[in-house]
Amino acid sequence: MKLWTLAEISGELATAPQISSTPGNNLITLNDKSLCHLPYVFPFTDSSGSPWNAIGTYEGLAAIALAAQHLNAGDGSIVPEVAALANNKCGVKFNVAAFDTALSESIAVDQIIQITDRTNAQAIANGGPADDANVLLRPPCVIIGAARSAVTMPTSLISGLRGFPQISPISTSPALDDKSQYRYFARTIPNDDGTSVPLIARLNSGSGDDNTGAKDESESWGVNHLAVLYVDDAYGNAFAQGIVLAAKEMAPGMQIETFSLAVNPDDAQIQRVIASMAESQYMYFFAILASSYDEIMTAAYNAGIAGTGKHTWLFSDGVGSEFTGRDFTVGSPLERAYRGTGTLSAQGGMPGMKAYDALVEGLRELGQSVEDKEYLNSLLPNQGITNHTDVTDSDSYLMTPGFVAPFLYDAVISAGLSACNLEMNHNTTDGNFALSGGDHYDAITQSIVFNSETGTRNPKSALFTLVNFVDDPDASTSDVVQFKSQETDVFEFGAWRSLQPFVFNNGDTIAPPDLPETEVDRNYIPAGLRAVGLTLCGVIIVLSLGFTVWTKKREKIRIVKAAQPIFLYIIAIGTLLMGCAVIPLSLDPGVVSMEGASIACVSVPWLLACGFSMTFSALFTKTHRILTIMRNAAAFKRVKVTALDVAKPMICLLLANIITLSVWTGIDPRSSKTIVLQTNRFGKATETEMLGVINLGALLVAFVEAYLARNISVELSESAYIMKAISIILLVCLMGIPVIIIAQENVSATWCKSM
């Protein structure tokens, strides 16, 4: 029998229980030996009375018994410091009792009140009956428990007021650091503020906050937006606040939004909270929960924020084995929602670590021993009420430590080292008993270092792992899927180390974006409008070339000669150039590169300005030539006005445009730019516009000349028609300018007015 010392102590307690003569140590004097009684206060059943072993409560009891055995026998096979107890003749022996909190705060408080009621122990010392109930209610030297912070806070407050130390293996609320309320409390796990450090390092910063220069071998996921869902109790509130504080310190640019749920939420509240989370548009979620996982994840799936392949859910260590070992129908909401999720938690060790492997082997040996299993079964609470065999007779019982067992083993070792230190030094200190001599040693969960002021474990001495829930091919079929947990990353000594890729909900190992893909309206020219424009451009080009050819073939005809062919050619060339400007206007980054669009931008004013000035200066010159001749004729003067004479203003106007365009292009050339007009709530662009400018020419001058020549009555006079054409163009410009200003942010309208 491996637990032989515990069995012997149980037999002695049945006949000779006495109260310690050193109340400061809370030790029992047993046949000239000092006995340290260790009540284990933890949930063994759920609210319905069924066995509850989600985090390894039953294996935890075995780990406590094994630690007590090692302390009694001076066995340092797991913790070397324990071997020194035999040599130093500690003289303190340890025994164990178990209490079931049934996942209830009120039940846990009632049990702590009974456990710490010294009148029960005094009755035994005065010769009262030593029945099983009274044996359980002997004064504890250290209470081991509880699990959730919401339970540990009231129980440790009571135990501290009554002078009994309490060590929790997994309660992480920072509020428990307050020694004015929890004077005799300690824990073998870091608080939530410490747990938040590896979470933020994994998501954003890529390194731990240890100030030791430790290098992170695993790249962060680049998450800048995180939604935190937490249960509204002491544990959840403190953990969520710890995440916010850690993000401010480690990743100042990271945005955290928190959402709270009642401890036992109803469907209506779950729906409301999940709807609020969906409105945040965040893609990464960290859930701090104790129950209602299926209801919450079903609601998240229905809201489109789980099981989409784009959203990522991580959970705190309270998830336990909720997702593994269950059958999920392929394609069901829960199968899709749980796939590729993960959990971040402090760990008691990993395979390959010497102390952890020794614990695994020790628990398996207990499971293989009939006597040891019978003794462990005798310690289980609610005998005759709860059917513990559902757990203890299963093939998996004691084959693996579970989550909580390593922390419980270390808690008992810490209590044992402290008790021996106080007993050997005859110390009745009123300080933190649980840490007196057991505050720094090599344990299962790496080297344990406690904060001497708060009793909380230093996070730099702890081990954290990121566990990924993926398909278990050995337990899945074509219709049913089971998930298995696999460790992908380890946070140790202040930095993450990758073990294997994390598989996300979409089946990929590359972290998805932390925000939804933004649909950006870049305001490119619509394809249909571009086609219409290019078609009209083709019509202009064909007509310009056609009229040029027609004029050339008929330039000897009297009516054509009277229309001054040289100016007709210039007008045709001008319209051709303006028509060709539609081609670069049709080019934007939607069809060409940004560099190509910039070249097109430069060419637009050249084509428009030169074509526009040639066309209307030609009209002006034609009209001016006729007006000059007719004015001299009215004065009975003979004058010869050649085309070159009247073309000089046109040439000057064209040169002025060319010089202006050359300077503009050389100093500040036009380019294609994207300007953000509107952003979403995350500051990402949702609408942009392509800019353009058109250089206008000598329209007004041509209009004045045409107006002055409107009443000239000669054969084949065209001045009146020129004036009408220019008037129409001027009217269109005057009416179109206000419309252009109003619609300037509409790229289609801008492109149409440029045409």
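Helices (H or I, at least four residues) and strands (E, at least two) are DSSP runs, numbered from the N terminus. The structure shown is a predicted model, in which local features need pLDDT of at least 70, side-chain atom pairs count only at pLDDT 80 or more, and totals for chains, interfaces and linings use all residues. Residues are numbered from 1 along each chain as its sequence is written, and side-chain values use heavy atoms, with hydrogens and water left out.

View 1. T551 is placed in helix α17. With a relative accessible area of 6%, T551 is buried; buried means under 20% relative accessible area, exposed over 50%, and partly exposed in between (1.4 Å probe, protein chains only). Apart from its neighbours within four places in sequence, T551 is in contact (heavy atoms within 4.5 Å) with V560, P565, L568 and Y569.

View 2. Q269, I270, V273, I274 and M277 are the buried residues of α10. Seen down the helix axis, the buried residues of α10 fall within an arc of 125°, so they line one face of the helix; the arc is that of the directions from the helix axis to the C-beta atoms. The exposed residues D267, R272 and E279 are carried on the face turned away from the buried side of α10. The cover over the buried residues of α10 includes β7 (225-231), β8 (255-261), β9 (284-288), α11 (293-302) and β10 (312-315). Just after α10, Q281 takes a positive phi of about 65°.

View 3. Rings of Phe, Tyr and Trp (its six-membered ring) pair if their centres lie within 6.5 Å; planes under 30 degrees apart count as stacked, over 60 as edge-to-face and the rest as tilted. By this rule the count comes to 20 aromatic pairs. One of them is the edge-to-face pair of Y40 and F44, at 5.6 Å centre to centre with 80° between the planes. Y40 is buried, with a relative accessible area of 0%, and F44 is buried, also with a relative accessible area of 0%. The rings of W221 and F502 have centres 5.1 Å apart and planes at 55°, so this pair is tilted. W221 lies in the loop between α8 (192-205) and β7, and F502 in the loop between β18 (495-498) and α17 (527-553), so the pair ties together parts that are 281 residues apart in sequence. W221 and F502 are both buried. One aromatic cluster is formed by F285, Y293, W313, F315, F323, F328, Y338, F469 and F483.

View 4. G145 and A146 are joined by a cis peptide bond, with omega about 0°; A146 is found in the loop between β4 (143-144) and α7 (149-161). S292, although not a glycine, has a positive phi of about 60°, and S292 lies in the loop between β9 and α11. L398, likewise not a glycine, has a positive phi of about 70°. The loop between α15 (389-392) and α16 (405-424) contains L398, which is buried with a relative accessible area of 0%.
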